[in-house]
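Please open the structure in a viewer and keep the selection tool at hand.

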Amino acid sequence: MKRHLSRLPSASGFTILESTLVILVLLALVSVLFVSTKRWQRGADKAVCILNQHQVQQAVRGYSNLYGKEPGSEVPGLAELLFGDGRFIEKTPLCPSNGLYSFGGDRVPLRGELYMKCSLAEGEAGHRPEDFQRW
């Protein structure tokens, strides 16, 4: 039986080029993940903002039904009557994207009108409900 003494053991492992390539691929995957997460977060913030608007709209309708106020009628201090301990909504809602809410004043909104609007309703954020006619 002959032995081959001329064979050297081959080195195993990654070369620097292969290691760099693996790192670049991982970085690309992580960046895609961050972009997707940010997009998901914006969508979730928009949904929460629209839910806040819906809740306030229901509170206004509940108040007007409970006290016999017709849409379009004036109610002095309407927002103060809606928000607070023991009222229709415990705390004044905050937009999760740091938008500012504006309220419809002292007038019960007409059907198809929103009482509370977000400053991010227009533009890319789009914190405006598509269909609020039946709220």
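The tour begins with conventions and then moves through the chain.

**Before starting**

The model is a predicted one, in which local features need pLDDT of at least 70 and side-chain atom pairs count only at pLDDT 80 or more, while totals for chains, interfaces and linings use all residues. Residues are numbered from 1 along each chain as its sequence is written, and side-chain values use heavy atoms, with hydrogens and water left out.

**Stop 1**

Select residues 16–66, which make up helix α1. Helices (H or I, at least four residues) and strands (E, at least two) are DSSP runs, numbered from the N terminus.

Next, select Phe14, Leu21, Val22, Val25, Leu26 and Leu29, a nonpolar surface patch with about 630 Å² of accessible area together. Patches consist of residues with over 30% relative accessible area and no salt bridge; like charges are joined within 9 Å, and nonpolar side chains (Val, Leu, Ile, Met, Phe, Trp, Tyr) within 5 Å. Accessible areas come from the Shrake-Rupley method with a 1.4 Å probe, and for residues only the protein chains shown count as cover.

Valine 25, in helix α1, is partly exposed at a relative accessible area of 47%. In these terms, buried means under 20% relative accessible area, exposed over 50%, and partly exposed in between (1.4 Å probe, protein chains only).

**Stop 2**

Then select histidine 127, in the segment after β2. Is histidine 127 buried or exposed? Its relative accessibility is 2%, so it counts as buried. Beyond neighbours within four places in sequence, histidine 127 is in contact (heavy atoms within 4.5 Å) with residues including Asp45, Cys49, Gln53, Cys95, Ser97 and Cys118.

Select asparagine 98 in the loop between α2 and β1. Asparagine 98 is exposed at 70% relative accessible area, and its phi is near 65°, a positive value in a residue other than glycine.

**Stop 3: the nonpolar core**

In soluble globular proteins, nonpolar side chains tend to be buried together. A nonpolar core is a set of buried Ala, Val, Leu, Ile, Met, Phe, Trp, Tyr and Cys residues joined through side-chain atoms within 4.5 Å.

Select Val56, Val60, Leu78, Leu82, Phe83, Tyr101 and Tyr115: of the 17 residues in the largest nonpolar core, these touch the most other members. Two or more residues come from each of α1, α2 (78–82) and β2, and the largest share, five residues, comes from α1.

Which residues does valine 60 touch, not counting residues up to four places away in sequence? Valine 60 touches Leu82, Val108, Pro109 and Tyr115. Serine 64, in helix α1, is buried at 4% relative accessible area; leaving aside neighbours within four places in sequence, serine 64 is in contact with Lys69 and Val108.

**Stop 4: aromatic pairs**

Rings of Phe, Tyr and Trp (its six-membered ring) pair if their centres lie within 6.5 Å; planes under 30 degrees apart count as stacked, over 60 as edge-to-face and the rest as tilted. By this rule, there are five aromatic pairs. Select tyrosine 63 and tyrosine 67, a tilted pair at 4.7 Å centre to centre with 40° between the planes. Tyrosine 63 is buried, at 9% relative accessible area.

Phenylalanine 103 is partly exposed at 32%, whereas tyrosine 115 is buried at 2%.

**Stop 5: the salt bridge**

Side chains of opposite charge can pair when their charged atoms come close. A salt bridge is a side-chain nitrogen of Lys or Arg within 4 Å of a carboxyl oxygen of Asp or Glu, and the structure holds one. Select arginine 107, in the loop between β1 and β2, together with glutamate 113: the closest N and O atoms of this salt bridge are 2.8 Å apart. Arginine 107 is partly exposed at 29% relative accessibility, and glutamate 113 is partly exposed at 28%.
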